[in-house]
Amino acid sequence: MAIEKTLAIIKPDAFGRGISGEILSRVHKAGFKIVAAKSLRLTAAQAEGFYAVHRERSFFKELTEFMSSGKVIALVLEAEKGIALWRDTMGATDPAKAAPGTIRRDLGASIQNNCTHGSDAPETAAFEIGYFFAGHELV
Ligand code: CMP
C-alpha cells in the first residue's frame, strides 16, 4: 500500500462560481480522506512563490494574477496512490482535452480557469503541502 498525500486547490474560478461543494463531493466519491483544509486569498507574491517552477513560462503572469484574484480552498488529500488518483480525478490540464467525467472536463472553462490544481510528484507534493500547512495541521 502506497498511501500518499497530495495538495489540491479549488481555484478562484470554481470558488467564485459556487461549485466548491460539487468538487468536494467528487473528492469524497474518489475515496480521499481530507487531512486538512483551509480557505484563503493568496497575495500576488504568494501565488508567484507557489508557482515558481513556472516562472519562465509565457502564462506565468496571467496564472499568478488569476490565482490571487479571489479566494481558494487548499486541501491536503490522502489515498492510496493519492497523487495519481487526484490527477486522474481532475483530468488533463486543458478541460477540452480532459476525459469525460473528470472535474476539469465537466466543470472547467479554459486551460487557466480549470477549477483545480494537484501536485504532480511526491517532491512537489511535499513542497506544496508545506507551502500551505504546518506539520501540526496535518492530522
Ligand atoms: P495547474 O495544475 O494549477 O498548474 C499550472 C497551471 O498553469 C495550470 O494548472 C493551468 O491552469 C495554468 N496554465 C495556463 N496556461 C497554461 C498553458 N498554456 N499550459 C499549461 N498550463 C497553463
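Contact here means heavy atoms within 4.5 Å. The model is predicted.

Helix α5 spans residues 82-90. Its buried residues are Gly 82, Ile 83, Trp 86, Thr 89 and Met 90. Seen down the helix axis, these buried residues fall within an arc of 130°, so they line one face of α5. Several elements cover the buried residues of α5. Among them are the strands β1 (3-10), β3 (72-80) and β4 (116-118). The helices α2 (20-29), α6 (103-107) and α7 are also included. Gly 91 follows α5. The phi of Gly 91 is positive, near 90°.

A pair of aromatic rings is described by the distance of the centres and the angle of the planes. The count comes to 6 aromatic pairs. One of these joins Phe 127 and Tyr 131, with 5.6 Å from centre to centre and 50° between the planes. This pair is tilted. Phe 127 is partly exposed, because its relative accessibility is 42%. Tyr 131 is partly exposed as well, at 30%.

Tyr 131 also pairs with Phe 132. Their ring centres are 5.8 Å apart and their planes meet at 65°, so this pair is edge-to-face. Phe 132 has 8% relative accessibility and therefore counts as buried. Phe 127, Tyr 131 and Phe 132 belong to one aromatic cluster, together with Phe 50 and Tyr 51.

Notes. Residues are numbered from 1 along each chain as its sequence is written. This is a predicted model: local features need pLDDT of at least 70, side-chain atom pairs count only at pLDDT 80 or more; totals for chains, interfaces and linings use all residues. Side-chain values use heavy atoms; hydrogens and water are left out. Rings of Phe, Tyr and Trp (its six-membered ring) pair if their centres lie within 6.5 Å; planes under 30 degrees apart count as stacked, over 60 as edge-to-face and the rest as tilted. Buried means under 20% relative accessible area, exposed over 50%, partly exposed in between (1.4 Å probe, protein chains only). Helices (H or I, at least four residues) and strands (E, at least two) are DSSP runs, numbered from the N terminus. The arc is that of the directions from the helix axis to the C-beta atoms.
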